[in-house]
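Please read them with the structure open beside you.

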Protein chains: 2
Amino acid sequence: MIKIDEIEESLKNKGYKLTKQRNSIIEVLIENIGKFLSVEDIYLKCKDKYPKTNLSTVYRNLEILEDINLVHKTNITGASASYEIVCSDCHHHHVICKTCGKTEVIDFCPIQEFTSKVAEDGFLVTDHKIELYGYCKNCTKKVIKE
Amino acid sequence: MIKIDEIEESLKNKGYKLTKQRNSIIEVLIENIGKFLSVEDIYLKCKDKYPKTNLSTVYRNLEILEDINLVHKTNITGASASYEIVCSDCHHHHVICKTCGKTEVIDFCPIQEFTSKVAEDGFLVTDHKIELYGYCKNCTKKVIKE
DNA sequence: ATGGCTGCAAACGTTTTGCACTTTT
DNA sequence: AAAAGTGCAAAACGTTTGCAGCCAT
């Protein structure tokens, strides 16, 4: 499990301060492990916790969290970026339904096979992004019906 | 190999017309198989071939080409979208150097293992995106030197 | 001759920035 | 007290759109 204290400790150690805004962003991300949240989503959920939160602040903090690898950024929709907190002991990827947009978690990850192939060329892999697109059970049914 | 005639035939069959602009976009994409080009890159290269080309036209055509699956879109940089032409007999993924931004092609693809896992849940996978990030041989050396 | 395509300019939504002020350390 | 963080408003950026005219079929 992710512990908020550990994350905050790690921020402190890097010289970042713990503000109420930053704290609420992290809380929101932790409450939504396994989902990608859009910046707008995060912003709105943070406002519930701490109404003064500003959108710029959310952007600035997500950038910091991404820089220190506490958060993964993706651009599924093309519209606006989405974020998910990194959880080292529950590494996973997502399948994304092209019809309803729902995402599901896949625990399987073949990255080892990949990195060993690439390592032969002297490339050092530190990070990866895998996303599967298609149609979920529900939406497949609909397609067949129509 | 990709043949420009086949692509154009397939566009014609779908009711799209062959304009000089559309043609030059396809040419540029074919000349850059294995690389992701930003919209701006494509635009500039097209202007070399056909100076009247407009940025909106590039956007509109890339959208069409993506819709009919002749082109893959990605958002590596976060800044602007990148495109690569689809080549059915040379499916591949990329490793992307976080220092110099260079991309290299990896021929290996573990998608089969993935889709069979997901199929159990009734999810139908039609498409996927795999990107590896890290440091290329050159940049790894530099990091060590410093 | 028709319908699709283009160039242009303006509009749009997301993200970033400068600055004065506030908060954490 | 110093440094980092914030809110606000404005700017910047990539992308999309409406429209009048153009071009491929």
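1. The residues of the surface near DNA strand D divide into eight charged, nine polar and six nonpolar. Here a residue is near a strand if one of its heavy atoms lies within 4 Å of it. Ala, Val, Leu, Ile, Met, Phe, Trp, Tyr, Cys and Pro count as nonpolar, Asp, Glu, Lys and Arg as charged, and the others, Gly among them, as polar.

2. This is a predicted model, in which local features need pLDDT of at least 70, side-chain atom pairs count only at pLDDT 80 or more, and totals for chains, interfaces and linings use all residues. Residues are numbered from 1 along each chain as its sequence is written, chains are lettered from A and ligands numbered from 1 in the order in which they are written, and side-chain values use heavy atoms, with hydrogens and water left out.

3. DNA strand D is surrounded by 23 residues, of which the closest are Lys17(A), Thr19(A), Lys52(A), Thr57(A) and Tyr59(B). Of the atoms of DNA strand D that come within 4 Å of the protein, 72% belong to sugar and phosphate.

4. Lys17(B) has a polar side-chain atom 3.4 Å from a base nitrogen, and a polar side-chain atom of Arg60(B) lies 3.4 Å from a base oxygen.

5. Two or more residues each are given to the surface near DNA strand D by helix H2 (20-31) and helix H4 (55-67) of chain A, and by helix H4 (55-67) of chain B. H4(A) gives the most, with four residues. Helices (H or I, at least four residues) and strands (E, at least two) are DSSP runs, numbered from the N terminus.

6. Most residues other than glycine have a negative phi. Asn69(A) is not a glycine, yet has a positive phi of about 60 degrees; Asn69(A) lies in the loop between H4 and strand S2 (71-74) of chain A.

7. In chain B, three strands form an open antiparallel sheet in the order S1-S3-S2. Its edge strands, strand S1 (37-38) and S2, each pair on one side only. Pairing requires at least two DSSP bridges between two strands; S2(B) and strand S3 (residues 82-85) of chain B have four. Lys73(B) has Tyr83(B) in S3(B) as its bridge partner.

Conventions: A polar contact is a pair of N or O atoms within 3.5 Å; within protein, one must be able to donate a hydrogen and the other to accept it, and residues adjacent in sequence count only if both atoms are side-chain atoms.
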